[in-house]
Amino acid sequence: MEQVARVQTVIRLAPHIMERAKQCARKKNMSFNAYVEAALEEVSSAKIPKLSKDFQIAPEIAAFNGMIPAPTQEELDADPRLANIMCI
């Protein structure tokens with residue numbers, strides 16, 4: 001079995017989240033570290049569906065337009081998920 005390089009890091013979790021993750025790891029017969037790594041891999045590789053071109057934004061939501069500054073093109077180029085969310 002090939003060894004994969006790992007980077008040690010520290011994260012802060014609310015106690016109830018830590019306990020729930022430990023319980024889930026035990027149920028799946030995994031170490032806490034392996035469980036967290038698998039969960040992060042799944043979430044970070046999830047595909048975000050594109051909205052159809054004729055999608056209509058509800059007027060209540062459209063009223064928020066301009067309250068949040070638009071991302072720059074550099075930010076959109078660096079994060080395809082952000083571009084997808086912005087429907088670009």
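Student: Which residues lie nearest the centre of the largest pocket?

Tutor: A pocket is an open set of points on a 1 Å grid over the protein atoms alone, where a 1.4 Å probe fits, with protein on both sides within 12 Å along at least five of seven lines; lining residues have an atom within 4 Å of a point. Here 18 residues line the largest pocket, and Ile57, Ile61, Asn65, Ile85 and Met86 lie nearest its centre. Helices α3 and α5 (80–85) each give two or more residues to that lining. Helices are DSSP runs of H or I, at least four residues, numbered from the N terminus.

Student: What kind of model is this?

Tutor: This is a predicted model: local features need pLDDT of at least 70, side-chain atom pairs count only at pLDDT 80 or more, and totals for chains, interfaces and linings use all residues. Residues are numbered from 1 along each chain as its sequence is written, and side-chain values use heavy atoms, leaving out hydrogens and water.

Student: Is Ala21 buried or exposed?

Tutor: Buried means under 20% relative accessible area, exposed over 50%, partly exposed in between (1.4 Å probe, protein chains only). Ala21 has 13% relative accessibility, so Ala21 counts as buried. Ala21 sits in helix α1. Its C-alpha is 7.6 Å from that of Tyr35, 14 residues apart along the chain.

Student: How exposed is Phe55?

Tutor: Phe55 has a relative accessible area of 46%, so Phe55 is partly exposed. Phe55 lies in the loop between α2 (32–44) and α3 (59–62).
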